[in-house]
Amino acid sequence: MTTAIQSTLTVQVRPITLADNPHIAAVIRTVSAEFGLTADKGYTVSDPNLDRLYELYSEANSAYWVVEVEGKVVGGGGLAPLQGGDADVCELQKMYFLPEARGLGVARNLALQALEFGRERGFKRCYLETTASLTRAIRLYEHLGFQHIDGPMGYTGHVDCEVTMLKAL
């Protein structure tokens, strides 16, 4: 007879700090490489702001949260006004998680936290872009009520993200 041993992990979701910049940038680059989403293909890793997420998400109506497991930054996600979009539209951004953070419900909880943040700031809709290879992420977004839309909104600069989705808040 085999007995399953359940371990309890210490998982913390908290606002990003300046000291987190290199750690979350490394997470985003690692996860992007894992899925073949490289800078030469126009994905987030080519974003010049990747190494300064704390500063970027310190702007009005913006927030970014990092996820720690056992004190190590293993993921994160953020929300900000959609650049070049309608004033009532925010964007769910830079949701990336290392393997040790997957399957724990962390991405779902972080997304719900971000959507609530957007609602509290008066946004009426939330937009996101992703790529078809991120099938688990797409399923999560669909489960959260995001609907596929025909094309991009605003100006995100992510021309190779072919999946565009929108959710009423």
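Visitor: How many bridges join β3 to strand β4, and do they run parallel or antiparallel?
Guide: This is a predicted model. In it, six bridges join β3 to β4 (residues 89-97), and the two strands run antiparallel. As one detail of this pairing, A80 stands opposite E91 in β4.

Visitor: What about β2 and β3, how many bridges there?
Guide: Seven bridges join β2 (residues 63-69) to β3, again in an antiparallel arrangement. Within that pairing, V67 has G75 of β3 as its bridge partner. The two strands form a hairpin with two residues between them, and E70 in the turn has a positive phi of about 55°.

Visitor: Why is β3 described as largely enclosed?
Guide: Eight of its ten residues are buried, so β3 is largely enclosed by the rest of the structure.

Visitor: Take V74, then. Buried or exposed?
Guide: V74 lies in β3, which spans residues 72-81. Its relative accessibility is 1%, and it therefore counts as buried, the cut-off being under 20%.

Visitor: Which residues does V74 contact, leaving aside its neighbours within four places in sequence?
Guide: The contacts of V74 on that basis include V27, V67, V69, Y96, L98 and A101. The C-alpha atoms of V74 and A101 are separated by 6.2 Å, although these residues are 27 apart along the chain.

Visitor: Changing topic: what is the overall secondary structure?
Guide: The protein has four helices and seven strands, in the order β-α-α-β-β-β-α-β-α-β-β along the sequence.

Visitor: And what share of the residues is buried?
Guide: Of the 169 residues, 44% count as buried.

How values were computed:
Residues are numbered from 1 along each chain as its sequence is written. This is a predicted model: local features need pLDDT of at least 70, side-chain atom pairs count only at pLDDT 80 or more; totals for chains, interfaces and linings use all residues. Side-chain values use heavy atoms; hydrogens and water are left out. Buried means under 20% relative accessible area, exposed over 50%, partly exposed in between (1.4 Å probe, protein chains only). Contact means heavy atoms within 4.5 Å. Two strands pair if DSSP finds at least two bridges between them.
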